[in-house]
Amino acid sequence: MGQFQAALRYMARRAAVAFATLFVLATLLFILFRLVPGDPTLTVLSPALSPENQAELRQRFGLDQPLIVQYGLYLTNMATGHFGISFSRATPVVALIGERVVNTLVLMLPALILAYVLGIFGGALIAWKRGTLLEKSATLFAIVFRAAPIFWMCIVFIVVFSHWLGLFPEGHMLTPGASSDSGISQFLSLDFLRHLVLPLVVMTIYYGCYPLLVMRTSMLEVLHDDFIELCKAKGLSERDVVFRHALRASLLPITSSVALLAAYAVAGSVLVEAVFSWPGIGLLMVSAVLDSDYPVAQAAFLLIAVLTVMGNLIADLLYGLVDPRIRYS
Amino acid sequence: MLREETPSLPIIKPLDMAARAVGAACNRPRVAISLAILAAFFLVGIFANELAPYDAFVKQYDANGNLLRLLPPSADHLLGTTLFGRDVFSQLILGTRTALIVGFLTAIATSVIGVNIGLLAGYFGGKLDGALMRMTDVVFCVPILPFSIVALSILNRSTWWIITVMSLLFWPIAARVIRSQVLSLKERPFTDAARMSGARPLRIIYKHIAPNVLPQAFVHGVFAIAWAITTEASINFLGFGDPNMISWGTIIYDVFTSMVSYTAWWWFLPPGICLMLVVGAFYLVAEAYEEVANPRLQER
Amino acid sequence: MALLEVDRLSVGYRTTEEEIRAAQDVSLTIEPGETLGLVGESGCGKSTVGRAIIGILAKNAAVAGGSIRYKGRELTALSFEAMRAVRWKEIAFIPQSAMNAFNPVYRVGRQIDEIFTEHQKLNAREARKRTVELFKKVHIPASRLDGFPHQFSGGMRQRALIAMALALKPALLIADEPTTALDVAMQDRIFSTLRRLREETGSSLLLITHDMGLVAENCDRVAVMYAGRIVEQGPTHQVLNAPCHPYTMGLKNAFPSMTKPRDETLISIPGSPPTNPTEMVGCSFAPRCPFAEPRCSAQMPALGAVARVHFAACHRVDQAMVMRRRAMERTAWSEKEDVLSAAQ
Amino acid sequence: MKALLGQVRKVRTVLVAAAISLGIMGFGRAAERVPEITLVTWTKAQYPVQYEEATALVDAWKKLGVSVKVEPLNFPNPLLDRVFKARDFGAAILFFTASLERLDPDFYTFNAFHSSRDVSGGWNFSGVRDPDLDKLLEAQREEYDLAKRKTIVDQIQRSVFENNVWLVMVNQDELEAYNKTNFDAPVLPKVSGFNDPMAFFKIKPLGSQKIVRWGSQISDLKTINPILSSDSSQVRLLYLIYDTLMKIGPDTNPMLWAAKNVKTVSPTKVDVSIRDDLKFHDGTPLTAEDVKFSFDFLIANKAVYYSAALEPVESTAVLNPTTVEFTLKRPYAPFTTQTLSMVPLLPKHIWEKVEKPTEFENANPIGSGPFKFDHWKHGQEFAVKRFADHFSPTASDGLLIVFYGTREAAYSAFLHKEVDVMDRLLANQVDELQKSDFVQTVRVPSTAADTVVLNTRQKPFNDPKFRAALNLAIPRKEILDEFYEGYGTLGASVLAPADAAWSDTSIKPPAFDIEAARNILKEAGYKWDSSGNLLYPD
C-alpha cells in the first residue's frame, strides 16, 4: 500500500512538473506569436480594407489591448480550456481543435501501439533466431526504414498501394459524403478503416523499427543473464524462456524509449497528415500558422505539447509497471 | 537515440576510441559499409561544384530552345530533369552538400550546448543544477517539428535559422546523459586530486572532467547529425525551408507538389534513397561508436 | 551402476578469433547419494562441465567429444524435448549467483510455480500449494511468495533456490558456487538446509566451487580442475590430507583450514591460468608450478593412480611427499612469483 | 551554401564598390550604382509558378545591369504585411484570382490607383498619387452611361499602362475538369468557370450520381458568418446558400436574381423590387424587410469584406413588402455589379436575435439560395442540398465540397473519381487528364493575372523610364509557355481581355526586347560600369 501511495505521490509530482512545463511553453508560445511578423487583420482580403476596418478587426481580435492584458486573457482562456475564438472563424477554438485531436489520436495511438507490439515481439523473435536469415533481413529492414524520411515513405506507399495497385484510397479519413456524422460513429465504419490502413501501416513500420532494434539488443543482453540459464535448467521450453522470461525482462530499455518515440511521433504526425490529407491537429496547426490565426495555432501547438508531455508521463508510468525494482521516491 | 545510462568508463581519449571504433568496424561489415557510404557522400559533398554536370538552379533547353521538361534519365541527364527542366542529378549533388552542412553544424552546436549544460549542472549541482535541469525538461517537451514551423515563420526561412532552431532543440538528451556522467566523475579520485591542488571549478570541469565525457558527447553528436538531416528534410517538405538552397527535402517536396511522384520516379526516388543511406549510415556508426564508448553495450 | 558417468568430455567455445577448449577429457562419476566436489579457480572450466551435463551451454559452446551418461542414458544424444524432461525432474541446478537467478520482473512465487506447472502439469492452484509447502520447508514465510526477487535478502533467495531445486526430488543436484556472495554464517545455514533437504530426497550432489573449505565439509569425493582438465581426483580426505598435484597443494594453501593455525596468513598461487590451454604442449600448470621441471612444459602428464581411488596428473607425483612439505612454505611460491614477475 | 556564397559575393562587391568610389572621389563624383532591388514573391511551397516567375525576372533584369534579390514570402503573412501594409518592397509579383465580382472596372482601377487607397490595407500597392488619374477614377464611378464610362475606363487603362506601375505579365486561363460520365455542365460562367456558384446551380447529373462532389483545394471553409468573410474563395460558398439581389451572369453581364426590377430613380436613389416567390430554407418568406435588414446589419456590424460595396450606401428604406429604396451618398455606377450582386440576403428573424454577431457561429445557416445547408465537417467536407422551393431550382440533388487543402490531394481524388469537379488545375495536369476518357477538361480564359507591382515610393522605381525599361524586359512569352504551357494570354492592360466589356484591347503586350529597354535607360541618362552594373544618371 505504501508503494502505491508513493507511486501516487510520485505521479502527482510529475504531473506538477508537467504543468509547469506546459505553463512555460505556453508563455514562450505567446511571446513567439507576438513576434510573428504580419498583421492578422490583413488576412481579410478585401480591397476595401482600410485603417478603420483594421482597427475594428484588431479590437475584435483583442489585439488592441496592452500585451500584458492579452497575456492575462490568454492564460485564463487556456486555464478554462476555452482557448479563445479563432481569428478567421467564429468558431471557438476548442470546438475546432477537439475534433482534430481525436482524428490525430485515432491514427497515432493505434500506430504507436502496433509499432511497439510488433517491435517487441519481432525484436524478441529475431534476437532468439540470431544468425538466421530472418534475423539478418529483419535487422537490415529496420535499419534501413528507420532512416527513411517518413513523408517520403508515405508517398512511396501511396504510389504503390493506391496508385498502382488501387487497393486503398490515397488520403483523407473518409470517402467524401460517406457520413455526415462527425461523432464517434464515423470511426466505426468500414470506409474509415479502408482510409486508415495505409497511413497506419506506414507509421507502424516506421515507428516499429526503433523498438525492434532496441528490443533485439536488449534481448541479446538479457539472454545471457543468469536467470535465463536457470529458466532453461528448469526445463522450460525455449518459447517460454524467450517470450515469457527474456522478453518481459528486456522491456526496460524499450519503455524509456516510449517518451522519446511518442514525442517524435506526435511531431511527425504533421508530416503524415500533410501527405494523407488527414484532418488532424498537425495539419490544422500548419494552416493556422500560415493564416496568422494565433488562437488556433497556439491552441494546436499547446495540445501537441500536451500530447508530448503526456507521452512522457505514460512512459514513466510504464517504467514503474515494467520494472518492479523502480521505487517512487 | 540515446540510452540514458551512465557507463563507468575509464579515462579514454575520444580519438583512441574512434580508432578502436574503426578497428571494430572492420570486423563488422555493417559498420564498414556505413563508413564507406559516408565517405562517398562526403566526397560528393566536398566536390559538389566540380561533380555537378549542370547548374542545379538553371533550366535546361534543347537545341531548339524548348524546355527539357520531365526528361527520364539519359546519358545527358543521368537522373533526368524536373518539371521546369532542371537537372535532377546536379540537384541531388547540391543536396548532399546541404545535408552534410546542416548535419554537422547542428551536431556541433547542439553538442556544445548540451555538453556545457550537462557539465555545469552535473558539477555544481544544487540550484544551478535544478534550474538547468528544469530548463532541460521544458525544452525536452517542445515538439520539434511544430516548434520549428512556428519559429521559422517568425524568422527568415534560411538554412542557417533551421540549423539554429534545431541546435536549440536537440541538446536536452546530451545534457542529461553528460550530467549523469559528470555526477559519477566528480566523485572520482582524480577530481578530488585536482580540487585538492587548488584548481578552480571551471578548470576542473574543462580540464579534468570534460575530456572524460567526450566519447558520450561524440556519440550524441553523430546521432544529432542523423536527426538534423531528417528534420531539415521534413521542414523543407512542409514548405518552410530555404528557397535559395537545394536540399533533398526540397526536391521531394517539389516532386510531390508537381504531382508527378508516380511517373517521374527518377526525380522522386533518388533524394529519398540518399536520405535513407546517409541517415542510416550515421545511425549505425553512432551505435557502433556507442558500443565502444560504453562497453556494457558490447555484443557478447 | 554409477548415477552419472562423464567420460572424456570435451567442451569447446567458439569466439570470433579462435576455438577455446573450456573442458578437455573430463571424466567423472557420481554414485547415488554421493557428493562430489569439483574445485578449481574461476575460469578453469568447472562451471562448463556442470552446464554441459544439464545441457545449458551458451550458444557458442558445444560438446566436442566424450559422453555423459545419466542412469545409463546418453544425455548428449537426447533431443531437446527429451532433455527438457530430464532437466529439473532428474537433474536440478543451482546457478552461480542466487542474486541474479530469478527473473527480476516476476514475483518469486510465480517462478517456482512454473516448475510444477511445467513438469507435473499442475494447475495454478495446485502448483501454488506445493510452492507454499516448499517455502515452509526452508523457513520462508508464505507471504513472501508475492515478493519480487529484489525484495529478498541474499540468504532468502538462496534458500528459495534450494527449495526450488529439490522440489521435484531430483536424483542429481548440480550446485554451481551456491554461496559465493554470502558470509560464512549464512553459508553454514544454507548448507545445513541443503543437507536436510537432500536427506529427504536422497539426491546426489555435484558441488562446483573454488572453496576448499566447503569441499572438506560437504564432499565425499573431490575432483580438482585446472585449465579444463581434471588434475587430481579422489576421496576428499585423501586429496586434502595428501594432495599429489602441486595445484591442489596451492589451492589448499589459499584457504584457511583446520589443519593450520588460524593466525597464519594465506599463501596464494602466483600468476593466473592460461587463456587458451589447448595451445600448450606440456602441463598447463607448469608456468606457475614451483616444482616444474623441463619435461613438465614439454610433455602432458597423464592422470594416473596414486592410490586405489586417488588419481593425479603430474610428472613428479612420485615426489609428492617432498613437494607437499615444501608447498607449505611461503618461499616456495614467492620465488616462483619473482620469476613470473621478472618474465613480464 | 549558395546563400552564403551570395553573401560573400555581396560583401565583396560592396568592398570593391567602396574602394572604387574612394579612388574616384579624387577625380570627381562617381555615378551611383542602382542598388539591388528586392522582388517579393510567393513561396515555392505555396505557388511554385509565381516563384519560378521571379527567377525568370532575375535572369532577364540582370541583362539590364539590375541585380534582383528574390524574397519569397508566405501568403498571407508576412507577404500581405510587407506589400499591403508596410509597403516594404521594391517589386512584388502578385497573383490576382478571377471572379465575377471583380469584372467591374472599378475593382482593378479605383482600388489600385486612387490616391485614397494608398493606405494601410489598401490595394494601391504602387503608391500612385496622380490627381488627374484620381479625377478619372472618380468620374468612371459616377458615370451610369455604359458607353461613356467605357471611354473613361479606356483612358484610365491607357494611362496606367503607360505609367508602368502594374506590369501585367500573364492572364492565365482557368483550367478545370469534370467527370463527364457523371455530369454535364451546360452553363459554365465565363471568366471563372466552376469558381462561380452558377456553374453548380446548372450542372446536370447524367447517371446515378446526383450529388456533385467538388474537390476543393482550400483546407477548410473558415466561416459561414458573412460578417467574418475574408476572401473570395470563402465568400463564393456563401452564395450557394444565400441569394443576392442581382448576379453577374454566366455571360459576364449583370442579371436580376432575387430582384425583379432595379430602377435607378436618380443617380443617388435606386429602387429594388424583389420577387414574390422568395422563401428562406425554414419556410419563412423573404420580404423587403429582410433585404433592408441585411444591408443595415452588415453596415452596422462592419462586415469588412463587403465594406467597399456598402460604403456608398447612405440609407435603406422599405417602400412596400417587395420594394426597398437605396439612398446613395454619391452616384455609384458599380452599384448593381458590386453592391447588389455581392451582398447576401439574410433572414431578419434569425439574425436580429443574435447577441454578438461577430462571434456567431451560424452553425445552421438559413438562407434563401438554391441550396440549403446540410452538414459541415470541419476540415473535411461541406455539404448543401437542393432547395426545391427556389425560383431557380438546381439540376443536381446537392453539392458536396470536399476540402483537400492541397492541389495534389484534390487531383488524385479526382483521378480516382472520388470527386466530380476540380478547378485551378496546373497546365501539366490538364495534359495528363486529357488522356482519361471520363474527363472533360475546361479551359476558361479568365481575368486572373500574374502582375509585377512596382513600388514607386522607392528609388529607382520612382523613375518612369526605369519602370518602362523593366516592363520591356519581362519575358512574357517564355513565362506563358514554360510555366503555363501556353494556357493563357500575354498580359497588357490591368483589365484582362477576358473582361470583354471593359478591357481595352488596343493595348498590346510589350514584346520582350532587352535592347529597347537598354536604350530607354541610356536615353534617360543611365550608364553601366565596366562589369555591366547599371548606374544612376549623374
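The model is predicted.

Chains D and A meet through 54 residues from chain D and 42 residues from chain A. On the chain D side, the elements that give two or more residues include four helices: α3 (79-86), α4 (105-113), α10 (307-310) and α13 (407-415). The strands β8 (211-216), β15 (371-377), β16 (381-386) and β17 (398-403) of chain D also belong to this set. The most comes from α3(D), with four residues. By class, this side of chain D holds 20 nonpolar, 21 polar and 13 charged residues.

Helix α13(D) is one of the elements that touch chain A. Eight of its nine residues are buried, so α13(D) is largely enclosed by the rest of the structure. The buried residues are D:E408, D:A409, D:A410, D:Y411, D:S412, D:A413, D:F414 and D:L415. Their packing partners within chain D are β5 (174-179), β8, β17, β18 (421-422) and α14 (427-433). Chain B contributes α10 (248-258) to this packing. After α13(D) comes D:K417, which has a positive phi, near 60°.

In chain A, helices α11 (residues 281-290) and α12 (residues 294-322) pack at an angle of about 145°. Their axes lie 8 Å apart. The crossing of α11(A) and α12(A) is left-handed. From α11(A), the contact takes A:I281, A:L284, A:M285, A:A288 and A:V289. These meet A:V296, A:A297, A:A300, A:F301, A:L303 and A:I304 of α12(A). By class, the contact has eleven nonpolar residues, with no polar and no charged ones.

How values were computed
Residues numbered from 1 in each chain as written. Chains lettered and ligands numbered in written order. Predicted model: local features only at pLDDT ≥ 70, side-chain atom pairs only at ≥ 80, totals over all residues. Contact = placed C-beta atoms within 7 Å. Nonpolar A, V, L, I, M, F, W, Y, C, P; charged D, E, K, R; others polar. Buried ≥ 20, exposed ≤ 12 C-beta atoms within 10 Å, placed from the backbone. Axes fitted to C-alpha atoms, helices over the stretch in contact; angles between N-to-C directions. Left-handed = near helix turned anticlockwise from the far one by under 90°.
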